[in-house]
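Start with the structure, then read on.

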Amino acid sequence: MRTVSGDERAERVLAVKGRLEGRLKGGLEEGVHLSGFTSFRIGGPADLLVIPKGREDLALVSRALVEEGADFLVLGRGSNLLVSDDGFRGVVIYLSRGMRRIRVKNKYEVEVEAGCDLNALIRHCMECEISGLEELSGIPGSVGGAVRMNAGARGVSFGERVGEIRLLRLGESDVEEICLGRQEAGFAYRDARGVEEGDIIYEVSLELEKGDRESSRMKCEEAMSWRRESQPLGQPSAGSVFLNPEGGSAGEIIDRCGLKGARVGEAMVSPKHANFIVNLGRASAEDVRALIGRIKEEVLRREGVELREEIRMVGFPGGER
Ligand SMILES: Cc1cc2nc3c(=O)[nH]c(=O)nc-3n(C[C@H](O)[C@H](O)[C@H](O)COP(=O)(O)OP(=O)(O)OC[C@H]3O[C@@H](n4cnc5c(N)ncnc54)[C@H](O)[C@@H]3O)c2cc1C
């Protein structure tokens, strides 16, 4: 494969912008700092941020990306991301402003656009007396991100509730519209193996159950108080940094290594939850990366465990990981 130079990349982004200007119902913004779009409050500028308003817009954006061959990132609520201080050289697609509609179909089947906030969806279901997502209360992601990461808490994972996922798959020269059932989505621990890197999930249908407003409200409150007790919710973070290794808890292992409170610059291992790194105010992505490296080294040396990141890295050499 031919390597694409920085100048060529920038030209492709400009060409995408040219194709979308005046045609998009939603918005376009250049040079927006992604720190405003991540729960870590970290991240440099994106060349172009595109905010589609509905399916037609998204189709337009996808075609432009394929035809110009520009790099892109689908951004949810940015709650599982570490974005580099240099930002992202390409097009960021942000669905959480213009694609967040919820529709209840056939009693307990809910169709929801991928940009919808997970907690807004849980509240809506509660109002409609539909149950099944309460344990996930407080996960600060979008529906698309919850599918991609198979978000889970307290024994429930989002994938268990999914009926169908609708997505766009961008190929070399065309955009394919794909519908994946729950089995095909290949849900696994913090993963959906049937969703490929670069797929754009735009809608999800969920299979939920009859609920009762009061008992849903109590379940949500319990889930939230568990979170408040165990997680540093007042400080910017991206949730658990590392995946739990087979049969163990990454947080407990990091704690055993005495790393709570360890710091690089303004990034610190939370004294409340050792698998969280918090931003004390002005942490850079490099501070967080260096701290991640230090934790991995120490845990390997002292416990013989190789930790793997759950959070995804954006804008670092090697692309999104
Ligand atoms: C305080 C805190 C607590 C948390 N607690 C939990 C928890 O209990 N359980 C848990 O599982 N996670 C938890 N998380 C992590 C995070 O909230 C989840 O992983 C969430 O599902 C990420 O959703 P997002 O929309 O923010 O995705 P982002 O962080 O924006 O993106 C994550 C990945 O999903 C991809 N993506 C996002 N939207 C789409 C889309 N529409 N189509 C295709 N790909 C997409 C992105 O490209 C990226 O690869 C927590 C995070 C924080 C900050």
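Buried residues make up 42% of the 321 residues in the chain. A residue counts as buried if 20 or more other C-beta atoms, placed from the backbone, lie within 10 Å of its own. This is a predicted model: local features need pLDDT of at least 70, side-chain atom pairs count only at pLDDT 80 or more, and totals for chains, interfaces and linings use all residues. Numbering runs from 1 along each chain as its sequence is written.

**Overall build.** The C-alpha trace spans about 55 × 50 × 30 Å along its principal axes. Among contacts between residues at least 6 apart in sequence, 66% join residues at least 24 apart. Contact here requires C-beta atoms, placed from the backbone, within 7 Å. The secondary structure comes to 8 helices and 20 strands. These are DSSP runs, numbered from the N terminus: helices are H or I with at least four residues, strands are E with at least two.

**Domains.** The bounds come from an automatic or database domain assignment.

| Domain | Residues |
|---|---|
| domain 1 | 6-94 |
| domain 2 | 102-229 |
| domain 3 | 232-314 |

The centres of domain 2 and domain 3, taken over C-alpha atoms, are 27 Å apart.

**Ligand shell.** The ligand is surrounded by 33 residues, and the closest include G76, G141 and G239. At least two shell residues each come from β3 (72-75), α4 (143-148), β9 (152-153) and β15 (200-207). The largest share, 4 residues, comes from α4.

Terms used:
A residue is near a molecule or strand if its C-beta atom, placed from the backbone, lies within 6 Å of it. A residue is buried if 20 or more other C-beta atoms lie within 10 Å of its own, exposed if 12 or fewer, and partly exposed in between; C-beta atoms are placed from the backbone. Two residues are in contact if their C-beta atoms, placed from the backbone, lie within 7 Å.
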